[in-house]
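Dear colleague,

I am passing on the structure that we discussed, and my notes on it follow below. Please read them with the model open beside you.

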Amino acid sequence: MSTQPISTSRLDQDLDQHFDRDSRGIFTSNMDRYWSNLDKDQNEKLLNDLPNTSTQDLIRRDYPHLENIIFSPKRAAGLELLGLTGSEVCMDFGAMWGALSIPLAQRTQHVYSVDQTYPSLVLLKKRAEELGLDNVSVVHHDIKKMPTFKEKIDVAIVNGVLEWIPDDQSIELGSFFKRKKVKRYSQTPKEMQLDFLNQVRENLSDNGRLYLAIENSIDFAMFVGKPDPHSQLLFTSFLPRFLANIISIIRYGRPYRNWIYSFGGTKCLLKKAGFSKVELYMCFPDYRFPNFIFPYKSSYLKDFVPKPSSTVKGHLYRFAKLLIYRVFRMKSLSPGIIAIATK
Amino acid sequence: MISLLRNCVHGSDIALYRFCDADGVCYIKTSYTQNGILDLRRENAGWRWYVQTFLPEHSFPINVVETGQFFRLQTPQFPGKKYRYADGLSPLNKTAISTFVAWYVANWPGTRETAPMHGDLSLDNILFDDQPYILDWEHFTQLGPFWGFDACYLLFETMWFHSQQHALDPHFPFIAAQLKRLSESARLPAPILDAPLACTVSTIRDNMQLWGDQLQQFESKLPILLLTDGEIAAIDEALSSVLS
């Protein structure tokens, strides 16, 4: 925490210097960028329907498969790792529909939700209004190009975002895995991720904290047939990068860019980005809907209970997980990573 | 160090954590929804009543953070050993239940008509040390149903788990003995002994609002609700023949 309380009005002034405010009160740089599970037509329809119904009713009616992703209270479980006191000013980079921005706003002083996809932010803003939250400010901008503000923040959230930083193009997730376009990059994915993390750190106050959530590149399941969740390719998360590139070019006509890391690799990355202290946590079955989170340094997995199954394959898989995590305590193969990094 | 142990299970909107530091271990529950916040307010009330009533000489801190849209409850770790409810009416569990019923009869306040109620008293929520220490007060109410309800529930829930794997016949004398002990306090309503299981189940069904929405969606949270009327009648008949 900084020694002086952060003034949200001064941060708002900072934002006013860099952005316009549109008719909805959203800070915007008017850039045309996009990352969404929905395609642009779907999002346009969502924007048209939003004034007439509540956000949850709309999603439940039109996109029921997204209801839990957006509204499930399970998603906020990792926030307790931050040791929040309630006085924090936070910035959620890649906030999308507010899965973490909203619960964060329910327990901290102020949240700035930043995303490049305007319709997502309109929905997020409406969610905040429906809940009577007046401490959410919404910023439409490319999170990779955030300016350095004079007023610093206490907490930065980078939740399921870092792996998409190196993919610098508009993404409609439904068609992303069919595209064949090749965009040439001058930086490696790691360089782009480091630049982004450096910029995030620049905007943190002294002793400010970063909450980073990401998949583990050597999750045990990736070795036994679970596809990389970002590329939908087998084995690319842990193969040498040049081999992953070859596989991705064969399949999609473009190199493998959605780099994720092991626990050690994530820690190294954060240290390289200038964070002084990094605490790692293991998440089961993943960081998005965790049932269990354990500190990585403790090797404490006694309380981990894998989900029961009714199929033979499921039973075998469950048995394997019990062996790997409870008996052999191979924590480096845990599925999800949350890192709390201190500036 | 903090660990997430449970996250929004069985229709609940509450996450449970264990926190360890140099000062010891405590447990934290949080919720961001109105249903979860109501449950945690009840749990906070239950903890405070329990600690003030039974543990006034101890220093067991209970801390609350509430913003109106978020609730965080921090409770102490109690000493003691927990017994596995899934083992049913094993010899160890029977000893634990017997110990608890004796303590309940000697200490729990209330009348035939109403008594403070825990609402989910299973072996999973009791630690046994110098005395029983009771956890998980999210269904607490000061004005619960009849005195003895929680003890009856503990007996019958353990019996239910036992019935999933084993025959109950050899254990009816034990259950009847605990019920008799409760009745000797003169606070257990007399009709309970005529049909103890049916009374316990019907008390829950007649007062579902005490357990909130969660029970409406997940009856398995109080597994004795899964018994059929025929099963309940058969068990009560067996108990009656032992009690008489």
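Over all chains the count comes to 24 salt bridges, a salt bridge being a side-chain nitrogen of Lys or Arg within 4 Å of a carboxyl oxygen of Asp or Glu. Side chains of opposite charge can pair when their charged atoms come close. One of these salt bridges joins the side chains of R61(A) and D49(A), at 3.2 Å from N to O. Because R61(A) lies in helix α3 (residues 55–62) of chain A and D49(A) in helix α2 (residues 40–49) of chain A, the pair ties together parts that are twelve residues apart in sequence; helices (H or I, at least four residues) and strands (E, at least two) are DSSP runs, numbered from the N terminus.

Before going further, please note that this is a predicted model, in which local features need pLDDT of at least 70 and side-chain atom pairs count only at pLDDT 80 or more, while totals for chains, interfaces and linings use all residues. Residues are numbered from 1 along each chain as its sequence is written, chains are lettered from A and ligands numbered from 1 in the order in which they are written, and side-chain values use heavy atoms, with hydrogens and water left out.

Turning to the interface, 24 residues of chain A are in contact with 19 residues of chain B, where contact means heavy atoms within 4.5 Å. The two chains, A and B, bury about 1800 Å² between them, 56% of it on carbon and sulfur atoms; buried area is the accessible area (1.4 Å probe) that two parts lose on being put together, summed over both. Of the area that chain A buries against chain B, 33% is supplied by P73(A), E80(A) and Q106(A), more than by any other three residues. E80(A) also forms a salt bridge with R72(B), with the closest N and O atoms 2.7 Å apart, and the rule finds one salt bridge across this interface. On the side of chain A that touches chain B, the largest share, four residues, comes from strand β11 (residues 292–295) of chain A. By class, that side of chain A has 15 nonpolar, four polar and five charged residues, counting Ala, Val, Leu, Ile, Met, Phe, Trp, Tyr, Cys and Pro as nonpolar, Asp, Glu, Lys and Arg as charged, and the others, Gly among them, as polar.

A search of the whole structure finds three cavities of 30 Å³ or more. On a 1 Å grid over the protein atoms alone, a cavity is a set of points where a 1.4 Å probe fits but cannot get out, and a pocket is an open set with protein on both sides within 12 Å along at least five of seven lines, lining residues having an atom within 4 Å of a point. Grid points are joined across faces, edges and corners, and a volume is the space filled by probe spheres set on the points. The second largest cavity has a volume of about 40 Å³, and its lining includes P73(A), A76(A) and A77(A) together with C8(B) and Y17(B). C8(B) has a positive phi of about 55 degrees although it is not a glycine, and its place is in the loop between β1 (2–7) and β2 of chain B.

The second largest pocket holds about 960 Å³ of space. Of the 45 residues that line this pocket, the closest to its centre are W35(A), G160(A), W164(A), Y287(A) and R288(A).

With best wishes
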